[in-house]
Amino acid sequence: MKFLASRIARSEREGGFALPLVLSISIVLALLMVTAISSSVSGLQTTYTDQDSTAALAAAYAGVDEYESRLAGDSSYGQYGNPNSVFTKATGSTVIAPLPAAPNPAFDVTKGGTWASVAGSNNTPGGPPTAFFRYEVDNSQFASTGVLRIRSTGKVGNTTRSVVASVRGTGFIDFLYFTDYEIADPALGPFNSSGNPLCVPAYGWQTPAPNRANCNEITFNGGDVLDGPVHSNDLMHICTAKFGGAVTSADPTAPYYSPTLGGTHAACTGQVWYTYQGQTYVPSQDSSIVMPTTNTNQLNETAINDPQDVPRPGCLYTGPTSITLTSDGNMRVISPYTQYTQTGAKGTPAAGVTLENCGTPGSTGLGAANGQVIPVPTNNLIYVQAVPGTTTDPNYSPSGSPKSPTESTVYPGCVGSNTNTTATSAHEKEVAGNGIGYPASLTVSGKLLNEAPPSSSSYGCTAGDAFVSGTLKGRLTIAAANYIYITGDINYADSDGDILGLVGQKAVWIWNPLLDNGNFLMAVSDRYVHAAILSLNDTFTVQNYDQGTVKRGTLYLTGAIAQKFRGAVATGSGSTTSTGYTKNYTYDQQLETAAPPKFLAPVSTTYGTTSMAQVAPAFTADGTAVALG
């Protein structure tokens with residue numbers, strides 16, 4: 001401005017030229033000042049916009065967290081959502097609105113509608129919240145993978161941002177190896193040498209060390225390789241096994257494992273924690289995981305007339321059922337007692353139904369000697385139930401009653417006639433078996449030899465037992481109301497895409513038949529199993545693991561094992577294994593992000609995000625939904 005004053009004073013003689021010059025310069029300076037002020041205001045607005053954008057993204061994250069907390073409180077919450085959501089409809093999901101008594105403002109998708117507020121986002125104590133969120137649900141893959149996808153949109157001011165997150169609950173398949181109790185299954189043999197009542201229901205860390213000596217605890221010892229995460233609700237007895245993942249126990253007291261069984265057992269020595277890929281896994285403490293007591297929820301998944309809760313019913317088979325998987329995506333099913341392959345609503349016996357994709361009951365289909373070849377119900381479930389004892393049940397069979405008192409004692413519910421007129425042993429006299437080839441038999445030098453059942457409850461002729469082997473192409477869960485027998489190797493056609501779940505209400509057995517002359521029916525060889533295995537009331541174990549005089553081979557299992565009681569697969573350990581199978585277990589990395597279809601989850605669980613990505617905003621600030629691009 002001093003420049004302008006001196007310029008005017010000196011230029012009084014310049015007359016008409018000076019005024020236009022001054023005006024021009026003044027206008028230029030004024031424009032510069034306005035530009036400077038405008039730039040400053042614009043910068044302030046940009047700052048506010050950036051802050052709102054960051055806060056809106058944080059609000060979207062808060063929406064994901066809030067949804068996870070709802071799932072933790074109610075594992076069935078994944079069925080709820082807004083059927084009018086753009087995201088939900090585009091993914092083909094089936095959702096229902098929450099009950100009026102439990103509304104959720106985050107499910108609104110309308111212009112001018114509700115948003116859920118982010119707790120603690122008020123700028124002043126007691127003031128109104130400033131951050132909000134909405135979310136939409138994609139549950140289309142939940143049954144097949146255990147994963148829910150959430151599109152969460154955060155809003156702050158006039159700014160919205162959205163993320164898509166994959167949410168999955170902690171489950172049994174998060175571990176290569178899980179046990180509720182680290183003791184032998186009391187239902188499958190002598191429980192302990194002294195009848196010690198402290199073994200059950202107390203966990204090992206609740207049992208005084210001197211008493212644990214008689215609880216049939218099983219040792220992780222030399223030669224055992226567990227290449228993946230391990231957890232037990234109990235105290236683990238660990239000596240020199242190798243662990244390739246985290247080792248955790250619910251035992252609250254360090255060192256969270258026991259190097260001794262207590263009592264007269266000497267402590268094992270030489271334990272060196274295995275270093276895997278540069279990390280040493282020393283046992284630590286983690287919370288208990290509660291197992292469900294029954295798999296009847298999986299039976300409910302075969303309900304044909306319950307489209308709200310069961311949009312894709314699985315297959316129901318009745319009585320002993322053989323399932324041989326083939327690498328072309330098919331399976332051969334033998335199930336003589338099956339009359340209907342689906343139930344009524346929620347597993348009720350009324351209104352039995354037969355669907356073509358589950359096979360044709362009767363002597364020319366599922367009941368034929370070689371059964372029926374049908375496609376694997378991929379991304380679905382098979383449930384094998386016992387022959388019902390109620391006459392009003394569609395799958396009731398009057399021929400399911402025991403043939404004779406003698407036969408019912410050895411093989412409960414056996415039917416058929418004994419054609420072996422030269423039988424010389426009790427097992428030979430019971431050659432009728434369960435109708436699908438078990439117990440097995442073999443003719444040697446003209447003499448018929450029969451398999452000696454591994455327990456008094458094995459091969460019940462009307463039991464809900466599944467006999468499984470083969471190569472799977474697809475994603476499938478097989479659940480049984482009684483036992484599951486793995487009668488041969490189980491492999492995947494595609495190890496990066498196929499997934500099998502095996503869920504037994506009782507034990508899951510590696511079939512290892514012993515003839516009544518003391519010899520094994522199968523030759524010595526390694527066994528291969530690719531599956532996620534769960535035994536709810538019993539154990540995962542090898543039949544006759546303690547019989548014979550030589551090691552049977554190595555049991556290579558890729559997947560996950562969860563069981564109520566720990567099952568033995570051998571006597572001795574590692575190179576000194578005397579009988580049974582040395583174990584070599586590897587965690588299936590697919591299970592980190594996916595689950596077998598309709599697999600069981602713990603009674604209570606926590607949920608976490610397995611992946612998250614930013615996407616285009618799903619709503620504008622006034623709540624208007626944005627169409628998917």
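Which residues does L500 touch, not counting residues up to four places away in sequence? I looked this up and found L325, L472, L476, I478, I490, Y492, H530, A531, A532 and P596; contact is taken as heavy atoms within 4.5 Å.

Before going on, I noted the basis. The model is predicted, so local features need pLDDT of at least 70 and side-chain atom pairs count only at pLDDT 80 or more, while totals for chains, interfaces and linings use all residues. Residues are numbered from 1 along each chain as its sequence is written, and side-chain values use heavy atoms, with hydrogens and water left out.

Cores. I found L500 again among the residues with the most contacts inside the largest nonpolar core, alongside Y317, L502, F540 and Y585. That core has 71 residues. A second, separate core has 26 residues, including A56, Y77, Y135 and V156. A nonpolar core here is a set of buried Ala, Val, Leu, Ile, Met, Phe, Trp, Tyr and Cys residues joined through side-chain atoms within 4.5 Å.

Sheet. I traced an open, antiparallel sheet of five strands in the order β1-β2-β3-β4-β32. Its edge strands, β1 (116–117) and β32 (607–615), each pair on one side only. β4 (residues 159–169) pairs with β32 over eight bridges, and V163 has Q614 as its bridge partner in β32. Strands are DSSP runs (E, at least two residues), numbered from the N terminus; pairing requires at least two DSSP bridges.

T159. I placed this residue in β4. T159 counts as buried because its relative accessibility is 17%; buried means under 20% relative accessible area (1.4 Å probe, protein chains only). Beyond its neighbours within four places in sequence, T159 contacts D52, S53, A56 and G154. The C-alpha atoms of T159 and Q51 are 9.7 Å apart, at 108 residues along the chain.

Methods:
Buried means under 20% relative accessible area, exposed over 50%, partly exposed in between (1.4 Å probe, protein chains only). Helices (H or I, at least four residues) and strands (E, at least two) are DSSP runs, numbered from the N terminus.
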